Amino acid sequence: MSTVLAMAAPVFAADRDSSVKVRVANQWVAAGKYDEAFKIYDEVAQKVTDSPELAYNRGVAYYRKGDRAKAVEYFTKALLTRDIGLESKTKFNLGNCAYADALEKKGNLKEALDKLKLAISYYKEAIAANPNDLDAKVNIEMAQLLMKDLLDQE
């Protein structure tokens, strides 16, 4: 499965300091220092409310930390964006969350299949937003193959 969890680089026109802080937090995430990043994201969120880019970055951080439920929560908030590129990346990552959930639920066929269907749906929406998203196309194929494998094992 292709996993592309690139960070968004928000630019807050009214608050250059917040933009710099988010870039620093993103570096903490890249270094695996999630708690440090969350402190900075929380600080920025108090100044810059309802930022889809900030929500997206928090979603990436939670995903990388292994907290997919929180990642989904923040990716869902990021969908309020008007930026088609961010929308595409967010839907792709929601698909990755659902796919990872399906892998965990392989012992429960119905739940695993439901998660795979959800993943495919998100990947298709990512492609609709960005027709050149090769990773989403590959992930659809991977999810479909996993569905077939699970059904064949049944």
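Modeller: Contact here means heavy atoms within 4.5 Å, and please keep in mind that this is a predicted model.

Colleague: Which helices are included in what covers the buried residues of H3?
Modeller: H3 is mostly covered, with 11 of its 14 residues buried, and among the buried ones are Pro-52, Tyr-56 and Val-60. What covers these buried residues includes helices H1, H2 (34-47), H4 (68-78) and H5 (84-104).

Colleague: Is H1 roughly parallel or roughly antiparallel to H3?
Modeller: H1, residues 16-30, packs against H3, residues 52-65, with the axes 10 Å apart and an angle of about 15° between them. Angles under 35 degrees count as roughly parallel, and therefore H1 is, relative to H3, roughly parallel.

Colleague: How do the residues of the contact of H1 with H3 divide into nonpolar, polar and charged?
Modeller: On the H1 side the contact has Val-22, Asn-26, Val-29 and Ala-30, which meet Leu-54, Asn-57, Ala-61 and Arg-64 of H3. Sorted by type, the residues of this contact come to 5 nonpolar, 2 polar and 1 charged.

Colleague: What distance does H3 reach from its first C-alpha to its last?
Modeller: For the 14 residues of H3, at 1.5 Å a residue, the expected value is 20 Å. The distance in the model is close to that expectation, at 20 Å.

Colleague: Which residue just after H3 takes a positive phi?
Modeller: The position in question lies just after the helix and has a phi of about 100°. The residue with this positive phi is Gly-66.

Definitions and conventions: Residues are numbered from 1 along each chain as its sequence is written. This is a predicted model: local features need pLDDT of at least 70, side-chain atom pairs count only at pLDDT 80 or more; totals for chains, interfaces and linings use all residues. Side-chain values use heavy atoms; hydrogens and water are left out. Axes are lines fitted to C-alpha atoms, for helices over the stretch in contact, and angles run from 0 to 180 degrees between N-to-C directions. Helices (H or I, at least four residues) and strands (E, at least two) are DSSP runs, numbered from the N terminus. Angles under 35 degrees count as roughly parallel, over 145 as roughly antiparallel, 65 to 115 as roughly perpendicular and the rest as oblique. Ala, Val, Leu, Ile, Met, Phe, Trp, Tyr, Cys and Pro count as nonpolar, Asp, Glu, Lys and Arg as charged, and the others, Gly among them, as polar. The expected span of a helix is 1.5 Å times one less than its number of residues. Buried means under 20% relative accessible area, exposed over 50%, partly exposed in between (1.4 Å probe, protein chains only).
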